[in-house]
Amino acid sequence: MNTNSQNPKTGKGFELVVKAWFEAHYEKGFVNNKPFNIGNPPKPHRFDVVSNDNSIVAECKCYTWTETGNIPSAKMGFVNEASFYLSFIHNAATYIVMKKSAHVKRTETLADYYFRTNRHLLGNTRILEYDVEQGIMREIG
């Protein structure tokens, strides 16, 4: 569990690990925090991990179950927001990459829970779960 003051550093570290995984998996270059104009009128939004050729766009979420195993409801809203932003990206594969988070009180990971309860909001965006300790990426759904 992270204190709130650690969250930006933890999130940025997760983005860098995800970027490295994408580079190795797709054998091409990626950048962090690349802006795309979205909406009408267009306004720039920075996406967390984007391939140099703009064919892959990902948002990263380094969230965990609460200490007591409850749903981090406000944070799930930010995952929905990421899905909304990604829905404006056309001609690219879009992903939400969530850190693997398990809890002894839960039978599913946080990414599995999110997909089960919010898949109707995803459109063509895919949910990936990255296990930082094992270095393994898994597609949900």
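**Sheet and salt bridges**

Analyst: Helix α2 (residues 73–86) lies across β1, β2, β3 (56–61) and β4 (93–99), at about 165° to β4. Axes are lines fitted to C-alpha atoms, for helices over the stretch in contact, and angles run from 0 to 180 degrees between N-to-C directions; contact means heavy atoms within 4.5 Å. Helices (H or I, at least four residues) and strands (E, at least two) are DSSP runs, numbered from the N terminus. This is a predicted model, in which local features need pLDDT of at least 70 and side-chain atom pairs count only at pLDDT 80 or more, whereas totals for chains, interfaces and linings use all residues. Residues are numbered from 1 along each chain as its sequence is written, and side-chain values use heavy atoms, leaving out hydrogens and water.

User: How do you know that β1 pairs with β2?

Analyst: Pairing requires at least two bridges found by DSSP between two strands. There are 8 bridges joining β1 to β2 (residues 43–51), so the two strands pair; they run antiparallel.

User: What makes Lys-28 and Asp-53 a salt bridge?

Analyst: The term requires a side-chain nitrogen of Lys or Arg within 4 Å of a carboxyl oxygen of Asp or Glu. The closest N and O atoms of Lys-28 and Asp-53 are 3.0 Å apart, so the pair qualifies.

User: Why is Asp-131 called buried?

Analyst: Buried means under 20% relative accessible area, exposed over 50%, and partly exposed in between (1.4 Å probe, protein chains only). Asp-131 has 15%, so Asp-131 is buried. Lys-100, its salt-bridge partner, counts as partly exposed at 36%.
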